[in-house]
Amino acid sequence: MKPQHIVNQLLGEKLHAEPHLTATAFAPTNIALCKYWGKRDECLNLPINSSLSITLPNKGTTTTLTLQNREIDSILLNGQHIDPASTFAKRLITFLDLFRTEKQFHFEVNTTSNIPIAAGLASSASGYAALVLALNQLFHWDLSNKILSILARLGSGSAARSIESGFVKWHVGIEADGMDSFAEQLPYQWPKLRLGLALISEEKKAISSRVAMRETINTSPFYACWPKKAAQDLVLLEDAIAQKDFKQFGETAESNALAMHACMLTAASPICYFEPNTIAMMQTIWRLRKENIPVYFTEDAGPNLKLLFLAEHEPILMKEIPSLDVLAPFKD
Ligand code: PMV
């Protein structure tokens with residue numbers, strides 16, 4: 001099935017709505033605790049497993065869409081004009097094509113992000129979510145969060161989870177058209193929870209998560225174990241969140257991330273997002289745990305680590321890792 005069928009089905013007559021001239025929206029980024037790794041449908045970004053994330057309230061992307069009288073879209077990223085022939089622009093324009101009616105609207109897309117782009121800090125998640133929210137405003141579609149989540153998923157899988165705040169679960173779904181594969185907020189808060197961004201490198205990643213997922217599925221002998229591991233971790237995480245069992249929460253998130261990276265490392269051409277300083281930081285975390293400081297990490301498709309800990313341990317962690325950018329996902 002093609003993304004255009006899904007968009008037509010979801011929007012129907014709304015696709016012909018008269019737009020405002022301009023609209024601005026912000027979407028936060030999210031960090032997966034149980035990762036999305038592997039697609040059962042590459043066109044619709046349908047996952048092989050359900051995933052669970054936490055939304056970072058103040059880190060993300062702000063996008064302004066303005067209708068323009070030109071034959072092409074123009075794209076500004078953090079104030080810089082992007083070459084329309086670049087992979088970044090082509091992907092974005094192909095996504096916008098899904099929402100163009102016969103009137104052939106073209107847009108100026110002005111997007112700013114307060115997170116490093118493509119460094120495994122989920123910039124595409126907030127990017128495509130912000131774009132969908134801006135389109136929703138521009139054409140005053142007034143869509144539900146479920147539909148916004150499905151539309152954001154068509155841009156980037158993890159973007160499905162950036163529509164909601166707090167703990168968010170993206171349902172794997174079983175339908176071929178993906179109408180049951182969307183993200184929902186879980187009814188839990190954890191005010192004492194902290195997430196620390198340990199920035200190792202802001203360099204653009206050498207291999208995209210899209211390609212890395214495909215290579216892992218096709219060639220890693222360990223990938224066969226992944227769906228079962230992810231399903232078990234999801235249950236453990238939901239249970240840990242409901243009970244506020246931080247040990248189970250941290251252990252499961254860290255083990256899930258390492259299992260995902262183990263699959264990548266065993267792909268036919270090994271995919272390694274670790275840098276020497278990533279491993280040095282992991283060793284610091286493991287040392288701190290031996291010293292009875294409960295801190296865990298997770299890592300996505302990039303060298304940066306996100307640390308999980310509770311508010312009471314923030315002072316000691318700031319002392320050990322002064323560069324840590326500490327975020328409180330919930331109001332304390
Ligand atoms: O949405 P994508 O294609 O950028 O993939 C995201 C993959 C991970 O960040 C590694 C895991 C996740 O669930 O966010």
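A: Helices (H or I, at least four residues) and strands (E, at least two) are DSSP runs, numbered from the N terminus. A268, for example, sits in the loop between α7 and α8. This is a predicted model: local features need pLDDT of at least 70, side-chain atom pairs count only at pLDDT 80 or more, and totals for chains, interfaces and linings use all residues. Residues are numbered from 1 along each chain as its sequence is written, and side-chain values use heavy atoms, with hydrogens and water left out.

Q: Is A268 buried or exposed?
A: A268 has 62% relative accessibility, so A268 counts as exposed. Now pair A268 with M213. They are 55 residues apart in sequence and 12 Å apart in space, C-alpha to C-alpha.

Q: How do I read two packed helices, and at what angle do the axes of α2 and α3 cross?
A: Two packed helices are described by the angle between their axes and the distance between the axes. Axes are lines fitted to C-alpha atoms, for helices over the stretch in contact, and angles run from 0 to 180 degrees between N-to-C directions. Here, α2 (residues 87-97) and α3 (residues 123-138) have axes that come within 12 Å and cross at roughly 30°. Their crossing is right-handed.

Q: Which residues of α2 and α3 meet?
A: Contact means heavy atoms within 4.5 Å. From α2 come R91, L92, F95 and L96; from α3 come S124, Y128, L131, V132 and L135. The residues of this contact divide into seven nonpolar, one polar and one charged. Ala, Val, Leu, Ile, Met, Phe, Trp, Tyr, Cys and Pro count as nonpolar, Asp, Glu, Lys and Arg as charged, and the others, Gly among them, as polar.

Q: How many aromatic pairs does the structure hold?
A: A pair of aromatic rings is described by the distance of the centres and the angle of the planes. Rings of Phe, Tyr and Trp (its six-membered ring) pair if their centres lie within 6.5 Å; planes under 30 degrees apart count as stacked, over 60 as edge-to-face and the rest as tilted. The structure holds 13 such pairs. One of them is F246 with F249, tilted, at 6.0 Å centre to centre and 35° between the planes. Both residues lie in α7 (residues 246-265), three residues apart, about one turn of the helix. F246 and F249 are both buried.

Q: Why is the pair of W286 and F297 tilted?
A: Their ring centres are 5.8 Å apart and their planes stand at 55°, so the pair is tilted. This pair links distant parts of the chain, with W286 in α8 (residues 276-290) and F297 in β11 (residues 296-299), eleven residues apart.

Q: Which residues have the most contacts inside the largest nonpolar core?
A: In soluble globular proteins, nonpolar side chains tend to be buried together. A nonpolar core is a set of buried Ala, Val, Leu, Ile, Met, Phe, Trp, Tyr and Cys residues joined through side-chain atoms within 4.5 Å. The largest one has 45 residues, and F99 and F107 have the most contacts inside it. Elements giving two or more residues to this core include α1 (3-11), β4 (51-68) and α4 (145-155). The top contributor is α3, with nine residues. A second, separate core has 42 residues, among them W170, M213, A267 and L310.

Q: Why is α4 described as largely enclosed?
A: Eight of its eleven residues are buried, so the rest of the structure largely encloses α4. Among the buried ones are L148, I150 and R153.

Q: Which residues does L46 touch?
A: L46 lies in β3 (residues 46-47) and is buried, at 1% relative accessibility. Leaving out residues up to four places away in sequence, its contacts include K39, D41, R153 and E175.

Q: What is the phi of K244?
A: K244 has a positive phi of about 55° although it is not a glycine. K244 sits in the loop between α6 (226-243) and α7. N292, also not a glycine, has a positive phi of about 70° and is found in the loop between α8 and β11. K244 is partly exposed at 39%; N292 is exposed at 67%.

Key
A crossing is left-handed if the near helix is turned anticlockwise from the far one by less than a right angle, and right-handed if clockwise. Buried means under 20% relative accessible area, exposed over 50%, partly exposed in between (1.4 Å probe, protein chains only).
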